Amino acid sequence: MAPRLFDAGTLHEHYDLMEHCIGRGHFSEVKMALSREGRQRVAVKVLPKVDMARTGRILNEIAILRHVVRLSHPNLMRMLAAYETESECFMVLELLSGGSLLELLTRDGSLAESTGRGIERQMASGLKAVHELGSAPCPLRPANLHCAG
């Protein structure tokens, strides 16, 4: 039996979604939320179901993240839950407070060589784990690489 992609209930039953956007991509925006149980801060990726092709890509991304979460790899962001409505999908992700690599480079200009090598090792380790699952990660660019803090 194939694993279930979406969690039972609705996003709003389990999380209080904040209105302000903390990130934006080509096809989504990311908002902060608080879990109703435990008041844990999380990131919620809001993905509109624009057409069948986009919806298919969203479902594929959720399926990949369902596999990745089982790895519990220190260099991979964890998806905590996924919900859907008729018009949107919501991916509840752990909130990584360090921002993206792009934000870090924009703010600091450049990185020390040792810092860059450390980031490269962590990225390679996470990428290897995803490939061992037989999955392909999202495009590897600084905006998609997030730091824990």
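Okay, let's start in the middle of the thing: the largest nonpolar core has 12 residues, namely F6, V30, A43, L47, I58, I62, L65, M79, A82, C89, M91 and L93. By nonpolar core I mean buried Ala, Val, Leu, Ile, Met, Phe, Trp, Tyr and Cys residues joined through side-chain atoms within 4.5 Å. Buried, for this talk, is under 20% relative accessible area, exposed is over 50%, and partly exposed is in between, with a 1.4 Å probe and protein chains only.

Quick housekeeping. This is a predicted model, so keep in mind that local features need pLDDT of at least 70 and side-chain atom pairs count only at pLDDT 80 or more, while totals for chains, interfaces and linings use all residues. Residues are numbered from 1 along each chain as its sequence is written, and side-chain values use heavy atoms, with hydrogens and water left out.

Pick out I62: leaving aside residues up to four places away in sequence, I62 touches L5, F6, M79, A82, C89 and M91, where contact means heavy atoms within 4.5 Å. As background, nonpolar side chains in soluble globular proteins tend to be buried together.

Now, cysteines. How many disulfides does a search of the whole structure find? It finds 0, taking a disulfide as a pair of cysteine sulfur atoms within 2.5 Å. C89, the one from the core, is buried at a relative accessible area of 0%, and C147 is partly exposed at 21%.

On to rings. There is 1 aromatic pair in the structure. Y15 and Y83 make that pair, edge-to-face, at 6.5 Å centre to centre and 65° between the planes. The rule here is that rings of Phe, Tyr and Trp (its six-membered ring) pair if their centres lie within 6.5 Å, with planes under 30 degrees apart called stacked, over 60 edge-to-face and the rest tilted. Y15 sits in strand β1 (residues 15-24) and Y83 in strand β4 (residues 79-84), so the pair links distant parts of the chain, 68 residues apart. Both tyrosines, Y15 and Y83, are buried.

One more ring to look at: R57 lies over the face of F27, at 5.9 Å from the ring centre. That call needs NZ of Lys or CZ of Arg within 6 Å of the ring centre and within 35 degrees of the ring normal.

Last topic, charges. The structure holds 12 salt bridges, each a side-chain nitrogen of Lys or Arg within 4 Å of a carboxyl oxygen of Asp or Glu. D7 and R66 meet in one of them, at 2.7 Å, N to O. D7 is in the segment before α1 (11-14) and R66 in helix α2 (residues 52-71), 59 residues apart. D7 is partly exposed at 27% relative accessibility, whereas R66 is buried at 17%.

Then there's E94 with R78, closest N and O atoms 3.8 Å apart. E94 lies in strand β5 (residues 88-94) and R78 in the loop between α2 and β4, so this pair ties together parts 16 residues apart in sequence.

Finally, R107 bridges to D108 at 3.1 Å. Salt bridges that share partners also join E19, R24, E29 and K31 into one network.

How values were computed: Helix = DSSP H or I, 4+ residues; strand = E, 2+ residues; numbered from the N terminus.
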